[in-house]
Amino acid sequence: MRALLFTANNEPMSVEEVTLDAPAQPGEVHVKWKASGVCHSDLSVWEGKLPIPPGCILGHEGAGVVVSAVDSKTGLAPGDHVIGNFVPICGECFYCKNGQPYVCSQGQIIGMSRFPFSRSDGSRFFGGMGGLATFAEESVVHEAALVKIPADFPLGQACLIGCSVTTGVGAVLNAAKVTKGSTVAVIGCGGVGQAVIQGARLAGAARIIAIDLSEAKRASAARFGATDSVDPAVQDATGAVMGMTEGRGADYAFEVVGHPALQRQAFDMTRTGGVCCWVGVPALDTEVSIPAAMLTLLNKSIIGTIYGSCDVREDFVRFVNLAKKGDLDLANMVSRRIKLDDINDAFTEMLEGDAIRSVVEYD
Ligand code: CXF
Ligand code: ZN
């Protein structure tokens, strides 16, 4: 079985033959991945900006088929089609019991405590975020990190629901709760940003302003429902949004890059009484400054959201059904279909700024 090994920060990764332990503990599931998106967070982990150490297999946006399962409480069985959830759901902690499984306190412990892969030199590898290791042809994953979906939906698109779609559409529908007829500004139009735009379209926003340096991303934002666009290299983004809203600012502004200066910019372009929603994850050692009085005096809200504040056990199937109806366009979110050996190139392409989503396809 082949897997892309993450052995050191900022060093090219190589695909190697590895062996995978058979699932043995109750709840363990052997999955054959069929497709995996390449997410900017994989790049951030590789660069050392997110706290997941080398010695693992990256990839957290995958869909595949169950090969076998040991005593599955959620009823997973061979042949089931599944999407991986990179925040596993323990179902027992304070957060899971109180309707916030997206911040499950046990999730990453469940996900990252098994090392089922061994390299030819005998060293063991864990499965990265959620233990999913979707940059391996197969993985052994805890059922807390898998959601069964209908078998009649293409897995090459379903994988996107594992991260970008859920994070972006969920941010709009579950976290910010965008209302019909509103004006939405989106800073950053990669995979998650495009999903925010699609979510805003689904919510019935009247005006959706896509802000990104990349012309290609602004063009695809228009196809996903953006009504206006801003090139921040040419125009001050806050000024442009003010100009489009009679000087008020957007009802909702989403930051989908993960940069403190842009989080501040999203706050500035949010109207009085509006909602500024932070979706991107900045480097852990950064801070952001906000004019202290303005949150109160202008009745603005800043909200953070992880994983679209979704309950993946319901929302994954909800997103599949929206895609089946044609209300969510997943097919066009895939900018390139690649092979496992091409992920280093996909990282380079992401750094260059035009890629929306590369998707690895397995045989
Ligand atoms: C991120 C969210 C913050 C932790 C790492 C993963 N989301 C998806 O890429
Ligand atoms: Zn991701």
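Biologist: What makes the arrangement around the zinc ion (ligand 2) tetrahedral?
Modeller: The 4 donor atoms around the zinc ion (ligand 2) subtend angles of 97 to 126°. Four donors count as tetrahedral if all angles lie between 85 and 135 degrees, so the arrangement is tetrahedral. This is a predicted model, and the angles are computed from it.

Biologist: How do you know that Cys 39, His 60 and Cys 163 coordinate the zinc ion (ligand 2)?
Modeller: Their atoms SG of Cys 39, NE2 of His 60 and SG of Cys 163 lie at 2.0 to 2.2 Å. Donors are N, O and S atoms within 2.8 Å of the metal, so these atoms count. Along the chain, the donors follow the spacing C-x20-H-x102-C.

Biologist: Why is the pair Cys 39 and His 60 said to link distant parts of the chain?
Modeller: Cys 39 sits in the loop between strand 4 (28–38) and helix 1 (40–46), while His 60 sits in the loop between helix 1 and strand 5 (62–69). The two are 21 residues apart. Both are buried.

Biologist: Why is helix 5 called mostly covered?
Modeller: Of its 13 residues, 12 are buried. Buried means under 20% relative accessible area. Among the buried residues are Ser 164, Val 169 and Ala 176. The cover includes helix 6 (191–202), strand 14 (250–255) and helix 11 (312–325).

Biologist: Where is the kink in helix 5 centred?
Modeller: On Gly 170, with a kink of about 45°. Gly 170 is also one of the buried residues of helix 5.

Biologist: What follows helix 5?
Modeller: Lys 177, whose phi is positive, near 55°.

Technical notes. Residues numbered from 1 in each chain as written. Chains lettered and ligands numbered in written order. Predicted model: local features only at pLDDT ≥ 70, side-chain atom pairs only at ≥ 80, totals over all residues. Heavy atoms only, no water. Donors = N, O, S within 2.8 Å, 3.2 Å for Na, K, Ca; no water. Tetrahedral: all angles 85-135°; square planar, octahedral: opposite > 155°, others 65-115°. Helix = DSSP H or I, 4+ residues; strand = E, 2+ residues; numbered from the N terminus. Buried < 20%, exposed > 50% of the residue type's maximum accessible area, 1.4 Å probe, protein only. Bend = angle between axes of the 7 residues up to and from the residue. Contact = heavy atoms within 4.5 Å.
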